Amino acid sequence: MKKLESFYEKKITCIYCKKPFNTLRVRSRFAIPYQIDSDFCPHYRAGNYNPHFYFVNVCPECGFAFSEEFSELFPKGTEEMVRVQITSHWTKRNFGQVRDIQQALEAYKLAILAGSLKKEKNAVLAGLCLRLVWLYRSENNSEQEQRFMGMALKAYEESYVLSDFSGTSMSEVRVLFMIGELSRRLGQFQKSVSYFSKVIQHKNAKDEQKIVNMAREQWRVTMEEKRQGTIQE
């Protein structure tokens, strides 16, 4: 009974083919993390359901995968690219049930492909890559964790340069912090220190004091790691 109580069903309309379908979400009271890492990765106790398994919606009809952060706009030519590279190869299957880790990973990879083809904002693609990082960390797969961390970092850097985070859940302060933290985790200490400093000195620092305080702490951690040579640049 607990399994059914932990979820609720949500009706979704595919933003690509416009067909309706149902998917699951985890009820918030069944998804309380006992620990959150400095890159916001949540950790859940055994027996709890990870809501990030269900962040991506996958249309069973056409295979288009997307999150609620995707825009409904398809720039000229992108719908045809989706048809050629996703829909024409799609074997109909249902991601709307309880997902295991492999289905969750596949959903994210489909969404990254779909988002890239439709020219979704870098901030949105970065968020997908970051959640993949978290899932691979939960599986202790450091090789894939590092791979997608590098992709997330690149996307956040592009987002900062283009300021395409506006209209998303990310602010400039948060984007700067993520560049700093992911750079630190990848051993790029000079870049990390630079971006944490940008957070601390940002004109909107007083409005996001929690992030600024985290940046100060991670700046200190980075300087210590750099001094000790904990991670090779």
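## Contacts and burial

In the protein chain, 62% of the contacts with a separation of 6 or more join residues 24 or more positions apart; contact means heavy atoms within 4.5 Å. This is a predicted model: local features need pLDDT of at least 70, side-chain atom pairs count only at pLDDT 80 or more, and totals for chains, interfaces and linings use all residues. Residues are numbered from 1 along each chain as its sequence is written, and side-chain values use heavy atoms, without hydrogens and water.

Buried residues (under 20% relative accessible area, 1.4 Å probe, protein chains only) make up 50% of the 233 residues.

## Fold and dimensions

The protein chain has eight helices and six strands. These are DSSP runs: H or I of at least four residues for helices, E of at least two for strands. From the N terminus the order is α-β-β-β-β-β-β-α-α-α-α-α-α-α.

The radius of gyration is 19 Å, close to the 17 Å of the globule rule for 233 residues, so the chain is as compact as a globular protein of that length. The radius is taken over C-alpha atoms, and the rule is 2.2 Å times the number of residues to the power 0.38. Along its principal axes the C-alpha trace spans about 55 × 45 × 35 Å.

## Helices α7 and α8

Helix α7 (residues 189-200) packs on helix α8 (residues 209-228) at about 155 degrees, with axes 9 Å apart. Axes are lines fitted to C-alpha atoms over the stretch in contact, and angles run from 0 to 180 degrees between N-to-C directions. The two helices are therefore roughly antiparallel (over 145 degrees).

Among the residues that meet are Phe189, Val193 and Phe196 in α7, and Ile211, Ala215 and Trp219 in α8. The contact residues divide into ten nonpolar, five polar and three charged.

Key. Parallel < 35°, antiparallel > 145°, perpendicular 65-115°, else oblique. Nonpolar A, V, L, I, M, F, W, Y, C, P; charged D, E, K, R; others polar.
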